[in-house]
Amino acid sequence: MAGFRSLSSGLRALVPEAFGADPSGERLARIRRSPHFADGVFQNPGGLARTRPSGSALEFAKVFFDRETRPRRAPSGTVPVHPTTVADLAKPPVTGLRLTWMGHSGVLAEIDGQRVLFDPVWGERCSPFPFAGPRRLHPVPLPLAALGEVDVVVISHDHYDHLDWPTIKALAGTDTRFAVPLGVGAHLERWGVSEGRVRELDWHEATEVGGLTLTATPARHFCGRGLRNTQHTLWASWVVAGEEHRIYHSGDTGYFDGFREIGAAHGTFDATMIQIGAYSEFWPDIHMTPEEGLRAHLDLQGGEPSGVLLPIHWGTFNLAPHAWAEPGEWTKDAAEAAGQAVALPRPGEPFEPAGKVPAEAWWRGVSAPVVRSWDRAERSPRAASEAREGLDLAGER
């Protein structure tokens, strides 16, 4: 299988360590046995999704590098990072569940006496190189060491803005365990994480950590770090269930019908952490818009507003053509229209979903106005669903 050819020792020495490692041995054999692996690659639910931008490279470049809109893709002032302290996180949550959004998709979840860290990115750039690639738009809320003991680190997939080499290198020196999708363990082991601390799961598989059940669930995305992206590591969303609470982290995903199935099997959730940023009409299959993110949350909750939606995957890196503040603005408006509670914390601001939920549109003070407003009449989940059904019926005629 060409996608798994090993590199010679000489060539391997030239490959940046941040690229990670390809699966081999029993790990590779297990990948090949997965029911979600076919024709040499992992498959998305419902078949392959488009993983490269649609349209021509020139069309995309015109949009992405447009001089008029490009300044809107970054904050116009200093992002108000919450001054989280060690003392803030040392106090146990009163309700048994507390979430702290660290920026992008990173969330510290303190749930039923355990501490779970999702997709931690403490690096300055989401890139294999320190001198190139998307750079942070705000600093990390607090040093990684100040988090204190973490029981398990959960990784959704191996893209640079979710699996951060310098962060994992730092965590490799701790006793924390790691829950990752199939194949991702090869990266961790190259970076110094011992094999015994890694729980590597296929979709629908679960592992137990300190009284929590962590289940890898489907997502619609793709993978890859090095020069040869052969879809040989899996991507996943995650369900974490304790004795009293349940939470869900979407990772990166396009909208698909599987959210209803995940909700039916594992919900409902006290809180969901849903990707609502870095979307574009150039890659509609692999990232969600705010409206789709809200719809995913409602699907997970059985179709009715409940729990708390925490928007993630926005505000920290410039990864798409939309305005920097647009995901927050549209999610707030869409959630209000649906009657759904949405948490809008500043990076680093802890909150308890069963307590007072931060709801201030803090980004408005440090961003240009969002030119395209979210139209409730046209963009509500119900209207969007009806419009989609209308298109489907038209296509059948």
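**A helix across a sheet, and a buried arginine**

Start with helix α8, residues 290-300: this helix lies across β12, β13 (271-275) and β14, and runs at about 150° to β13. Keep in mind as you look around that this is a predicted model.

Now for the sheet those strands belong to. Six strands make up an open sheet, and reading across you go β9-β10-β11-β12-β13-β14, with mixed pairing. At the edges sit β9 (206-209) and β14 (308-312), each of which pairs on one side only.

Strand β11 (residues 237-241) and strand β12 (residues 246-249) run antiparallel, and four bridges join them.

Next, hop over to helix α2, which spans residues 25-33 and holds Arg27. Is Arg27 buried or exposed? Its relative accessibility is 18%, and because the cut-off for buried is under 20%, Arg27 counts as buried.

So what is Arg27 in contact with, once you set aside its neighbours within four places in sequence? The list runs Gly183, Gly185, Ala186, Glu189 and Glu200. Take Gly185 from that list: this residue is 158 residues from Arg27 along the chain, yet the two C-alpha atoms are separated by 8.5 Å. Glu200 is worth a look too, with a polar contact of 3.0 Å joining its side chain to that of Arg27.

Technical notes: Residues are numbered from 1 along each chain as its sequence is written. This is a predicted model: local features need pLDDT of at least 70, side-chain atom pairs count only at pLDDT 80 or more; totals for chains, interfaces and linings use all residues. Side-chain values use heavy atoms; hydrogens and water are left out. Two strands pair if DSSP finds at least two bridges between them. Helices (H or I, at least four residues) and strands (E, at least two) are DSSP runs, numbered from the N terminus. Contact means heavy atoms within 4.5 Å. Axes are lines fitted to C-alpha atoms, for helices over the stretch in contact, and angles run from 0 to 180 degrees between N-to-C directions. Buried means under 20% relative accessible area, exposed over 50%, partly exposed in between (1.4 Å probe, protein chains only). A polar contact is a pair of N or O atoms within 3.5 Å; within protein, one must be able to donate a hydrogen and the other to accept it, and residues adjacent in sequence count only if both atoms are side-chain atoms.
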